[in-house]
Number of protein chains: 2
Amino acid sequence: MTGQDSPADPRRWGRRHLLRAGSVGVGALGVGAASVGLDRSLREDRNPADGRSATGPSPLLGEVTVPFHGEHQAGIGTPAPASATFLALDLREEVDREGVLRLLRLLTDDASRLTRGQPALADTEPEMAAQPASLTITAGFGPGLMERTERPVPDWLAPLPAFGIDELEEQWNDGDLLLQIAAEDPLTVSHAARMLLKDARAYARLRWLQRGFRRSPGTQAPGTTMRNLFGQLDGSANAQPGTEHFDRVVWIPDGPFAGGTSMVLRRIRMDLDRWDEVDRSAREQSTGTRLDTGAPLSGGTERTPADFSLTSAYGFPLIGEFSHMRRARGVDDGEHQEILRRPYNYDIAPPPGSGAISEAGQIFVSFQADLPGQFLPIQRRLDELDLLNEWTTPIGSAVFAIPPGCAEGEFLGQSVLE
Amino acid sequence: MTGQDSPADPRRWGRRHLLRAGSVGVGALGVGAASVGLDRSLREDRNPADGRSATGPSPLLGEVTVPFHGEHQAGIGTPAPASATFLALDLREEVDREGVLRLLRLLTDDASRLTRGQPALADTEPEMAAQPASLTITAGFGPGLMERTERPVPDWLAPLPAFGIDELEEQWNDGDLLLQIAAEDPLTVSHAARMLLKDARAYARLRWLQRGFRRSPGTQAPGTTMRNLFGQLDGSANAQPGTEHFDRVVWIPDGPFAGGTSMVLRRIRMDLDRWDEVDRSAREQSTGTRLDTGAPLSGGTERTPADFSLTSAYGFPLIGEFSHMRRARGVDDGEHQEILRRPYNYDIAPPPGSGAISEAGQIFVSFQADLPGQFLPIQRRLDELDLLNEWTTPIGSAVFAIPPGCAEGEFLGQSVLE
């Protein structure tokens, strides 16, 4: 464990330095995962203007690493890789403040090794650590962890208020400690999750585990927005990492969690069968966007700003008042909030004997600097009215406080908990 | 549907022609997925001798296609892609022979379109079909389907005999119709599975569905053998597609299923926790291979043939008599059988409240020309004695007859069922 060596102030990491180092400098094409010993990511390498590499052979995807240490935790402003496991732990009753700190030192040490492609200290399958594949490990704290460490619980760090659309199942809610483990390769994610869970076991019980996927690396051109299982382009409106706008949307500016953020994770079941019964035009009306291009129904392309004032020849708004996009944006309430969405798909075997042909949906993940000021108003509006609610049901919900990143020799959350 | 147009004899496809066309011509590096309009696969493209592409920009992985039509079905001798869904259907009681043939025509039409990157005829999300990502769709028949179509059931097409190691759960066993849907991209697999299930729904109920994964494309160099969740290199000894040896191991030489094969699919739970308690040497003894390189304990590299006669200074065989490899090979029984293994990993959320930290294992898939002559002796020996049984438990088991491939205008299984 490195927790004791040369503790350093994370604030010594200047933002400029980090931008240059690439750990938050993610460009408009969604590229920019820094790689060890390489000054370009594989994705950049694969698609230069002339279609050839300017720097020689592309590295294998398995070899690409994303820096673990830094001002912010990785796994938020870094590109979302293909595979992710989200898991929540509940601290065992007998674990006290010192126990929690030991657990965090242990997990930080594991994470700093695994993300570099090195085995965890007690790794029983060291060979499986050799392909980090852009692995990021991100930790978040639930209210229980703050209490156990005798630190104040931020007032927003609590279960979300009950929404009328919710049909929450206890098995997917809450938790004391969140780990988001994500990489381009699912075997890498499995191995990392297992090593972290083994080390955590003496301190905590697994509360829930959710595995999600996005497109495999290289399936589409870099920067292509992912489709969700409804076939919708999902995430077009996200702020671009590396911009001031992104920093304002995502990072908490001051207080103990400065440089951190808040995370909302909701398991949203999607009723694919009933969605399929609706014609294409009604499906587009429900979101306010075109299914093929992702463009707003007011026209243009995926990136064209929506024009909510445009109406049809009959005087109806092109982007309907009940549409998901119009409701989310707060157009008719004189409000405007933004969050960073980083969702994953899930698609698992339906319960045996249920007669269903699918059990699928989205692991909705959002990050925002100000949960009550950004996330809640959006969610309240969508709860009140959103055509998409017809086919989606939140079945799990959790909120976590994401501490800032840590420097080499520190542990995750040290500046918050010490 | 194209089932009615220009039915053709699949035997008009000469083997030489197909080898040239690439549909079964898979080279020693595990490459060779044919691609539309491209004479090399992306994987070949990525690693030429000088590290640069000789043919210009690599295609996106999403655009690569594997031919659906041919002498053999795709998905057996073609490289195993990153993501696969295996699903078994049970025919509804009221579906007669003509109903089954209609279902197969429908599924064949869907499969021939989806594998080309075109939407299925009634595709509700046509945009999601646009990235075939080496999609293959392989069909297999259970005994129920043969009976329903009033055709003789091959005597080997039945549940496997009960083995002492089995703890089968009814929810994972058997089925009338198997679909293996595999692609480099999990979203492609999800969409294809859903389209096939929607079209099948009027004819059949979903019996079980199993999702599996392998390394993401590009994670490791082409031809690298995958590790399973125990960290073992798995599949080193497989016959190489495109060789006579492979053809002998895999394809049924005559009878109604000539050009087809038999498929065994077993869900094998792996007890990762107890595996971790064993030291490295004992784990290597249990398989007879080194964990790091996959080489036999008699020495050499992953590809070095095992020397079962070598002994240690104390006179014990280097590859122990109870080891998985020695038992599987039949060394001490004067036997030698081979099968083609094409396994996938699974790693799902453990049942809520179980206290477990993982629910993982392997979707074991094997293909062999002669199930009683090749698979059964191996399985009997491993049931009798195999150190690995200590940490593995078969919890599901199914056998299917894989009909040969079909030509354009035919449907899957036509030569078997008409």
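Questions and answers on the structure

Q: In which loop of chain B is the place of B:D370?
A: Helices (H or I, at least four residues) and strands (E, at least two) are DSSP runs, numbered from the N terminus. Named by these elements, the place of B:D370 is the loop between β8 (359-368) and α10 (371-384) of chain B.

Q: What kind of model is this?
A: Residues are numbered from 1 along each chain as its sequence is written, while chains are lettered from A and ligands numbered from 1 in the order in which they are written. Side-chain values use heavy atoms, without hydrogens and water; local features need pLDDT of at least 70, side-chain atom pairs count only at pLDDT 80 or more, and totals for chains, interfaces and linings use all residues, since this is a predicted model.

Q: Is B:D370 buried, partly exposed or exposed?
A: Buried means under 20% relative accessible area, exposed over 50%, and partly exposed in between (1.4 Å probe, protein chains only). B:D370 has 37% relative accessibility, so it counts as partly exposed.

Q: How far apart are the C-alpha atoms of B:D370 and B:A182?
A: Along the chain, B:D370 and B:A182 are 188 residues apart.

Q: How many helices and strands has chain A, and what share of its residues is buried?
A: Chain A has 11 helices and 9 strands. Of its 418 residues, the buried share is 62%.

Q: Why does α3(A) count as largely enclosed by the rest of the structure?
A: Helix α3 covers residues 97-114 of chain A. α3(A) is largely enclosed because its buried residues number 16 of the 18.

Q: Which residues of chain A does the UniProt record give to "domain: Dyp-type peroxidase N-terminal"?
A: UniProt positions are in the numbering used here, feature names are shortened, and annotations may be inferred rather than shown by experiment. In the model, the span in question is 27% helix and 23% strand, with its end C-alpha atoms 21 Å apart. According to the unreviewed UniProt entry, the feature lies at residues 73-214.

Q: Where is A:E150, and what is its phi?
A: A:E150 is in the loop between α4 (143-148) and β3 (177-183) of chain A. At 58% relative accessibility, it counts as exposed. It is a residue other than glycine with a positive phi, near 60 degrees.

Q: Which residues are in contact with A:P305, leaving aside its neighbours within four places in sequence?
A: A:P305 is in the loop between α8 and α9 of chain A. It is exposed, because its relative accessible area is 66%. Contact means heavy atoms within 4.5 Å, and the residues in contact with A:P305, near neighbours in sequence aside, are A:P296 and A:S298.

Q: How far is A:P305 from A:D383 in space, C-alpha to C-alpha?
A: In sequence, A:P305 and A:D383 are 78 residues apart. In space, C-alpha to C-alpha, the distance is 24 Å.

Key:
The expected span of a helix is 1.5 Å times one less than its number of residues.
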